[in-house]
Amino acid sequence: MAHGDRSACTREWTAADVEPVSCCVCHIDGDRVYDLPPFAVVRCPRCRLAFVSPRLRTEALQAVYDDVGYFEGGVYGSTWSPAMVLQRVWTAGRLGLIRAALSRPPAGTRMLEVGCGYGLFLAAARQRGYDVTGVELSRSASRHARDVLDLSVHQGQLDAAVLDGRYDVIAAWDTLEHVPDPVAFLRTARTLLADDGVLVFSTPYFSSLPARLLRTRWWTLKPTEHIWHFTPQSHHLVFARAGLAVTRILRNPLAPANFGRLDSLVGVARRIPDLT
Ligand SMILES: [Zn+2]
């Protein structure tokens with residue numbers, strides 16, 4: 001999911017809109033790191049994963065993603081912007097990363113993108129020959145992907161989407177930090193991933209220089225939307241809990257797949273084979 005400048009997070013949220021949650025790995029409460037009423041950022045005392053608790057209830061979260069403004073003003077505006085240029089650099093870099101990670105050519109290779117937004121990455125992948133499908137929570141964005149770009153996109157959460165067969169590539173760009181339960185999300189993704197498939201992802205990271213220096217002023221903190229805050233270490237842990245091994249993490253802001261992003265990383269994960 002991409003990040004618009006304007007979003008429903010500009011509205012006033014109250015204690016009635018939020019609920020406490022526990023660590024998705026350890027199922028215990030976190031210790032307070034930042035107070036951002038009615039939200040807070042906490043850290044699990046056992047595994048060190050950071051997350052937002054209390055956070056928006058499910059219905060309020062859906063309202064955030066249904067707001068058309070969530071995607072506008074940034075990457076998806078109709079006028080030229082630096083964000084659109086960045087989006088193209090990322091798309092080319094990420095398609096290159098996938099091509100390098102896969103042992104097969106794109107033609108006919110099945111790709112699923114979860115959190116596909118308006119469908120720009122999927123449309124570029126389709127142009128390279130991938131057989132593409134998307135899942136997107138936002139009703140307005142998924143409608144655009146279907147009606148304007150003629151993509152096959154399911155609206156809703158990943159576990160509710162009716163999908164057929166397994167995928168050679170599952171992409172989750174800036175998505176994992178938004179999902180209600182990352183371990184559950186990755187377990188579902190694993191069931192959809194071919195034995196030799198790759199799961200590629202990007203997220204902000206909590207141990208990045210901007211996050212550590214700017215603290216509550218970190219522009220990516222956004223407690224309404226970014227409800228899990230990973231580090232490379234917690235990525236390994238969360239993915240392993242879902243039966244996936246993170247095999248590559250790219251933090252370099254000069255790499256095309258992560259270009260200009262001082263506080264985000266791009267990763268590649270593969271299935272840990274089932275024990276027999
Ligand atoms: Zn934990």
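What share of the 276 residues of the chain count as buried? The figure is 56%, where buried means under 20% relative accessible area, with a 1.4 Å probe and protein chains only.

This is a predicted model: local features need pLDDT of at least 70, side-chain atom pairs count only at pLDDT 80 or more, and totals for chains, interfaces and linings use all residues. Residues are numbered from 1 along each chain as its sequence is written, and side-chain values use heavy atoms, with hydrogens and water left out.

**Whole chain**

Start with a cartoon of the chain. It shows seven helices and 13 strands. These are DSSP runs, numbered from the N terminus: helices are H or I with at least four residues, strands are E with at least two. The radius of gyration, taken over C-alpha atoms, is 18 Å, close to the 19 Å from the globule rule for 276 residues, so the chain is as compact as a globular protein of that length. That rule is 2.2 Å times the number of residues to the power 0.38. The C-alpha trace spans about 50 × 50 × 35 Å along its principal axes.

**The zinc ion**

Select the zinc ion next. Cys 23, Cys 26, Cys 44 and Cys 47 coordinate it through their SG atoms, at 2.3 to 2.4 Å. Donors are N, O and S atoms within 2.8 Å of the metal (3.2 Å for Na, K and Ca); water is not among the atoms, so sites may look incomplete. Along the chain, the donors follow the spacing C-x2-C-x17-C-x2-C. Cys 26, in the loop between β1 (18-19) and β2 (31-36), and Cys 44, in the loop between β3 (39-43) and β4 (50-52), link distant parts of the chain, 18 residues apart. Both Cys 26 and Cys 44 are buried.

Now check the angles. The four donor atoms make angles of 103 to 117°, and the site is tetrahedral; four donors count as such if all angles lie between 85 and 135 degrees. The ideal value for four tetrahedral donors is 109.5 degrees.

**The sheet**

Colour β2, β3, β4 and β11. They form an open sheet in the order β2-β3-β4-β11, with antiparallel pairing. Strands pair if DSSP finds at least two bridges between them. β2 and β11 (228-229) are the edge strands, each pairing on one side only. Between β3 and β4 there are three bridges. Pick Val 41: its bridge partner in β4 is Val 52.

**Helix α1**

Finish at residues 58-66, helix α1. Ala 60, Leu 61, Gln 62, Val 64 and Tyr 65 are buried there. The buried residues of α1 pack against β5 (55-56), α4 (139-147) and β8 (153-155).

Definitions and conventions
Tetrahedral: all angles 85-135°; square planar, octahedral: opposite > 155°, others 65-115°. Buried < 20%, exposed > 50% of the residue type's maximum accessible area, 1.4 Å probe, protein only. Contact = heavy atoms within 4.5 Å.
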